[in-house]
Amino acid sequence: QVQLVESGGGLVQAGGSLRLSCARSGRTFSYFAMGWFRQVPGKEREFVASIHWLGGNTAYTDSVKGRFTISREIAKNTVYLQMNSLKPEDTAVYYCAADSAESRLRAGSPGTWGQGTQVTVSS
């Protein structure tokens with residue numbers, strides 16, 4: 001089993017920045033992907049960004065391109081989401097996710113979810 005623990009959420013003013021972290025523990029895969037999703041009440045969970053653990057290839061949803069950056073630190077088994085130029089519409093619970101297949105993760109069906117961390121952007 002893989003466990004994911006997020007941290008770094010909070011309250012920030014519009015235009016500000018936050019960095020989310022997700023530490024992975026438990027059984028590891030040789031090849032896998034990690035990513036971030038977000039969800040607001042009454043809406044479906046939305047893909048935000050993903051990264052292939054070994055190759056480092058990244059993908060983003062259009063609304064965050066140029067503002068958010070996903071990265072990983074292999075030695076710490078941790079993935080980060082640097083969020084800059086935050087907007088009120090970025091307010092959501094952000095979830096870390098992991099799967100052995102990047103395609104499955106990006107489709108919204110990863111094998112493992114974190115518990116979520118709240119990000120609130122005030123106007």
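**Sheet pairing and aromatic contacts in a predicted model**

Strand E7 and strand E8 (residues 78-83) run antiparallel and are joined by 6 bridges. Across this pairing, Ser71 has Tyr80 in E8 as its bridge partner. The structure described here is a predicted model. E7 and E8 belong to an open sheet of 4 strands, with the order E1-E3-E8-E7 and antiparallel pairing. Strand E1 (2-7) and E7 form the edges of this sheet, each pairing on one side only. On average, neighbouring strands of the sheet are turned by 20° against each other, direction ignored.

The loop between strand E6 (58-60) and strand E7 (68-73) contains Thr61. This residue counts as buried because its relative accessibility is 18%, and the limit for burial is under 20%. With residues up to four places away in sequence left aside, Thr61 touches Glu46, Phe47 and Val48.

The relative accessibility of Val12 is 12%, so Val12 counts as buried. Apart from residues up to four places away in sequence, Val12 touches Ser17, Leu18, Leu86, Thr120, Val121 and Ser122. Ser122 is 110 residues from Val12 along the chain, yet the C-alpha atoms of the two residues are separated by 6.3 Å.

Aromatic pairs were examined next. A search of the whole structure finds 4 such pairs. One of them joins Phe32 and Trp53, and this pair is stacked because the ring centres are 5.3 Å apart and the planes lie at 20°, where planes under 30 degrees apart count as stacked. Phe32 is located in the loop between strand E3 (18-26) and strand E4 (33-39), and Trp53 in the loop between strand E5 (46-52) and E6, so the pair ties together parts that are 21 residues apart in sequence. Both residues are buried: the relative accessible area is 2% for Phe32 and 4% for Trp53.

An edge-to-face aromatic pair is formed by Phe37 and Trp113, with 5.0 Å from centre to centre and 75° between the planes. Phe37 lies in strand E4, whereas Trp113 lies in strand E10 (residues 112-113), so this pair ties together parts that are 76 residues apart in sequence. Phe37 counts as buried, at 2% relative accessibility, while Trp113 counts as partly exposed, at 30%. Phe37 and Trp113 also belong to one aromatic cluster, together with Phe47 and Tyr95.

Arg45 lies over the face of Tyr95, at 3.7 Å from the ring centre, and Tyr95 is a member of the cluster with Phe37, Phe47 and Trp113.

Definitions and conventions
Residues numbered from 1 in each chain as written. Predicted model: local features only at pLDDT ≥ 70, side-chain atom pairs only at ≥ 80, totals over all residues. Heavy atoms only, no water. Helix = DSSP H or I, 4+ residues; strand = E, 2+ residues; numbered from the N terminus. Buried < 20%, exposed > 50% of the residue type's maximum accessible area, 1.4 Å probe, protein only. Contact = heavy atoms within 4.5 Å. Phe/Tyr/Trp six-rings, centres within 6.5 Å; stacked < 30°, edge-to-face > 60°. Lys NZ or Arg CZ within 6 Å of the ring centre and 35° of its normal. Pairing = 2+ DSSP bridges. Axes fitted to C-alpha atoms, helices over the stretch in contact; angles between N-to-C directions.
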